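Here are my notes on the structure you sent over. They go point by point, from the fold down to single residues.

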Amino acid sequence: MHAEMDALTDAARRGISTQEATLYTTTFPCHNCARHAVAAGIARVVYVEPYPKSRAVELHQDAIVLEPTSSDGRVRFEPFVGVGARLYQPLFRMMPRKDGGGRAVTWRAAAAVPRLGMATPQYVNDEELTMFKLLERLEQLGILSP
């Protein structure tokens with residue numbers, strides 16, 4: 001079972017309504033999980049990473065939309081904006097406070113470098129490429145006009 005279906009099943013088992021709820025997921029849902037989210041009354045799905053193999057948009061264009069500002073009754077699928085799980089540790093963990101000999105490391109502002117600069121470029125490039133391919137595919141399917 002996929003995590004999205006598990007979350008919806010768990011909510012149903014506990015008697016928690018999913019009507020107009022937001023579903024947060026690590027990856028863009030597959031077409032099957034997207035169908036279950038629609039059937040469960042989810043209003044918005046927020047995903048951290050794209051999933052290029054998903055056929056959700058192609059198969060459920062009448063029920064889901066990739067435009068976060070849309071209010072036409074379809075379920076909105078939106079990318080997460082912020083620091084994802086993969087980048088959290090490298091960005092926020094403490095730097096070593098002692099050197100190899102056990103002596104305290106002195107922090108110097110002149111030697112400090114932003115950690116985000118090391119992690120962002122490839123992620124941004126990958127995301128940009130994936131979004132370009134997704135938009136191109138939506139145009140091919142006639143879902144989005146050029």
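**Notes on the fold and selected residues**

1. **A loop residue to start.** Glu20 sits in the loop between helix 1 (3–14) and strand 1. Its phi is positive, about 65 degrees, although Glu20 is not a glycine. Glu20 counts as exposed because its relative accessibility is 59%, and the cut-off for exposed is over 50%. Bear in mind that this is a predicted model.

2. **Overall make-up.** The chain holds 5 helices and 4 strands. Along the sequence they follow the pattern α-β-α-β-α-β-β-α-α.

3. As background, strands of a sheet pair through backbone hydrogen bonds, either parallel or antiparallel.

4. **Strand 4 and its partners.** Strand 4 covers residues 75–79 and runs parallel to strand 3, to which it is joined by 2 bridges. On the other pairing, strand 2 (residues 44–49) meets strand 4 over 4 bridges, again in the parallel sense.

5. Which residue of strand 4 is the bridge partner of Arg44? It is Arg76. Val65 also stands opposite Arg76. Ile64, for its part, stands opposite Val75 in strand 4.

6. **Thr22.** This residue belongs to strand 1. Leaving aside neighbours within four places in sequence, Thr22 is in contact with Arg44 and Val46. Thr22 and Arg76 are 54 residues apart along the chain, with their C-alpha atoms separated by 9.3 Å.

7. **Thr26.** Here is another residue of strand 1. Buried or exposed? Thr26 counts as exposed, at 58% relative accessibility. Not counting residues up to four places away in sequence, Thr26 touches Tyr47, Val48 and Glu49. Thr26 and Phe80 lie 54 residues apart in sequence, and their C-alpha atoms are 9.0 Å apart in space.

8. **Ser71.** The loop between strand 3 and strand 4 contains Ser71. Its relative accessibility is 74%, so Ser71 counts as exposed. Ser71 and Arg108 are 37 residues apart in sequence, yet 51 Å separates them in space, C-alpha to C-alpha.

9. **Asp126.** Helix 5 (residues 116–140) includes Asp126. With a relative accessible area of 39%, Asp126 is partly exposed. The C-alpha atoms of Asp126 and Pro50 are separated by 9.5 Å, and the two residues are 76 residues apart along the chain.

10. **Dimensions.** How does the radius of gyration of the chain stand against that of a compact globule? The chain has 20 Å, whereas a compact globule of 146 residues would have a value near 15 Å. Taken along the principal axes, the C-alpha atoms fill a box of roughly 60 × 45 × 25 Å.

11. **Burial and contacts.** What share of the 146 residues counts as buried? The figure is 24%. Consider next the contacts between residues at least 6 apart in sequence: 47% of them join residues at least 24 apart.

12. **Surface and charge.** The chain exposes about 10400 Å², and carbon and sulfur atoms supply 56% of that area. There are 17 positive and 16 negative side chains. The centres of these two sets lie 12 Å apart.

Terms used. Residues are numbered from 1 along each chain as its sequence is written. This is a predicted model: local features need pLDDT of at least 70, side-chain atom pairs count only at pLDDT 80 or more; totals for chains, interfaces and linings use all residues. Side-chain values use heavy atoms; hydrogens and water are left out. Two strands pair if DSSP finds at least two bridges between them. Buried means under 20% relative accessible area, exposed over 50%, partly exposed in between (1.4 Å probe, protein chains only). The radius of gyration is taken over C-alpha atoms; the globule rule is 2.2 Å times the number of residues to the power 0.38. Contact means heavy atoms within 4.5 Å. Accessible areas come from the Shrake-Rupley method with a 1.4 Å probe; for residues, only the protein chains shown count as cover. Lys and Arg count as positive and Asp and Glu as negative; His and the chain ends are not counted. The place of a charge is taken as NZ of Lys, CZ of Arg, CG of Asp or CD of Glu.
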